[in-house]
Amino acid sequence: MSSSPTGVTISREPAEGHVGGELLTVNFGPQHPSTHGVLRLVVILDGEVIRGVRPVIGYLHTGIEKQMEALRWQQGVVVTDRHDYLSPLHNNLAYAMAVERLVGVEPPPRAQALRVIMCELTRISSHCLWLGTSSLELGAMSMFMYCLRERETVLAMNEEISGYRMHTSYIRPGGVMADATERFWDMLADFVEKMPGHVDEYEDLLTNNPIWKRRTVGIGYLSAEDAVRLGASGPMVRGSGLPWDLRKTMPYSGYEKYDFEIAVEEAGDCYARYLCRIKEFRESVRILKQAMASIPDGPINVDERKMLPPPREELETSMEAVIHHFKLFTEGYSVPSGDVYAAVESPRGEHGCYVVSDGTHKPRRVKFRSASFVNLQALEHMAMGSMIADMIAMIGTADTVLGDVDR
Amino acid sequence: MSVFSDVAALLVGLKTTLGETFKPHVTVQWPEEKSVRSERYRGRHYLRRYDNGLERCIGCELCAAACPVGCILVIAAENTAENRVSPGERYAKVYEINMLRCIFCGYCEEACPVQAIVLGPEYELSNVSREQFIYTKEMLLEPSPQQPPLYAGKKSQH
Ligand code: SF4
Ligand code: SF4
């Protein structure tokens, strides 16, 4: 009888005192629609009660960290878009911040405000997808459509500002790709106006719904101590009552200027994590409103010619500009040697980027501390002793993105 | 939780879904209807010409160097008096983009010193065989500068 973590079939193991006198090992995934990608879980069952969970990962491994080593500093941005594909802007930001710290530059205030706006929009769109899919798995069909409707609005805004809907590559070392257009500000104003009403709709459908509560209240309990011990972050710790949010605790990109609260819930179950994210919707809208109203004028990129191509007009007139343009796109810029860790609060928790430079035009090593990967470790702890059907709710509220887990 | 509060909560939910029936549709019936692409949209590439019909591309291979996935192939040749293709000394004899590898990052557009390669608004690029995804120069080059540009509305903001 196999209890090997790589077993592919259901295997039975005689065990005294359990249902039917045996323990069952079942593969959950990797093709299961509710595993949010290709997560495979080897679950040990006593009847319907979970006695062990071993996540088996690597099905979506794309070698992103290794790829970064082969790309020049400014090219690496496009790869960071693609591991946590639900929050590309946060990945961009962590990488950009790390490179900027190594070079020793600080992006101008307008760029910082644009970064905050885009990151908060991404948080909303990511939470929309999370809420839509997680509630779909627990049977709330219409939630999925409503949430994707709002997500679509955010993607349209991504497209307006950067030209692409998901893999925007908008935040780059040194600043942002382009300034916002008039149409973008109109769309944003409209969005912050309507979004709170939509969040009310979500709450009407779910918050007091007895079926939703039965499936989430008291399910997947994670205590604050365990959450810290397992290194969880984001709504996974905030749902357990710990006010830990990097935007407040280690402010970056000018978050200290905005007035918002950390969404905290005490209960530590799936329902608390749901409430946490609902609160975050509202706090994000609050930040967006403030950022819109207070956005400073000025440049959107650092005043560091080394990192940026020269303005288009200069290419016509100045030979130096042409040479610099050619050099930048063939060789790139070099970054002083050293290592740095920069972390941002992604929709899933602490997303960190550790960069080692050996002084050349390519990174020596890039390592991502992805929230999904660390949060996934808490899954077994949450699942012990609960029913197999509740596994769906727990995977859902852990909100792991498999691209981010495997990288 | 009493039965009454449960039923009340369900009714609130049903009211929300029912109310949705009377709101305007947000779904776009693709492919019959198309949603509007933004000015900056990064879709299918085009190679532009000057107003006098000459090709903009000077075969400098900067786009190929900037491309993070290396999906552009440029082989340059010299312009001669009889065969003048572009205003510069050289032109692109071969220009190919492997659309299967392209990630539509727009770096080629940013790198091009003469704004020859641009990304247009088209995104429906499906095809039936892998070979057909190698876009050759003939496919990429805009037919004539007199026609309205295929990348209509696209402004270069870099
Ligand atoms: S859009 Fe990006 S990936 Fe595609 S050809 Fe241009 S540089 Fe290469
Ligand atoms: S498209 Fe532009 S960058 Fe590419 S070879 Fe032609 S001129 Fe050079």
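Two strands are taken to pair when DSSP finds at least two bridges between them, and with that in mind I would like to start in chain B, where B:Val74 stands opposite B:Tyr95 of strand S3. Please keep in mind throughout that this is a predicted model.

The two strands concerned are S2 and S3 of chain B, the latter covering residues 90-98, and they run antiparallel with 7 bridges joining them. They belong to an open sheet of 3 strands in chain B, ordered S2-S3-S5, in which the pairing is antiparallel. Strand S2 (72-78) and strand S5 (134-135) of chain B each have a single partner strand, so one side of each is left without a neighbour in the sheet.

Chain A has an open sheet of 3 strands in the order S7-S8-S9, again with antiparallel pairing. Its edge strands are S7 (338-346) and S9 (365-369) of chain A, each of which pairs on one side only, and from one strand to the next the twist averages 15 degrees. Between S7 of chain A and strand S8 (residues 349-357) of chain A there are 9 bridges in the antiparallel sense, with A:Gly338 placed opposite A:Ser357 of S8. Packed on this sheet is helix H3 (residues 88-103) of chain A, which touches S7 and S8 of chain A and whose direction makes about 150 degrees with that of S7.

Turning to the contact between the chains, 27 residues come from chain A and 26 residues from chain B. On the side of chain A that touches chain B, the elements giving two or more residues are H5, helix H6 (182-206), helix H12 (312-317) and helix H13 (319-330) of chain A, and the residues of that side divide into 11 nonpolar, 10 polar and 6 charged.

Finally, a few words on backbone geometry. Most residues other than glycine have a negative phi, and most peptide bonds are trans. Is A:Ser169 buried or exposed? The cut-off for a buried residue is 20 or more other C-beta atoms within 10 Å, and A:Ser169 is buried because 27 of them lie within that distance.

B:Gln115 likewise has a positive phi, near 50 degrees, and lies in the loop between helix H3 (107-111) and strand S4 (117-119) of chain B, but B:Gln115 counts as partly exposed, because it has 15 C-beta neighbours inside 10 Å. The peptide bond that joins B:Trp30 and B:Pro31 is cis, with omega about 5 degrees, and B:Pro31 sits in the loop between helix H1 (3-21) and strand S1 (45-47) of chain B.

Terms used. Residues numbered from 1 in each chain as written. Chains lettered and ligands numbered in written order. Predicted model: local features only at pLDDT ≥ 70, side-chain atom pairs only at ≥ 80, totals over all residues. Helix = DSSP H or I, 4+ residues; strand = E, 2+ residues; numbered from the N terminus. Buried ≥ 20, exposed ≤ 12 C-beta atoms within 10 Å, placed from the backbone. Axes fitted to C-alpha atoms, helices over the stretch in contact; angles between N-to-C directions. Contact = placed C-beta atoms within 7 Å. Nonpolar A, V, L, I, M, F, W, Y, C, P; charged D, E, K, R; others polar.
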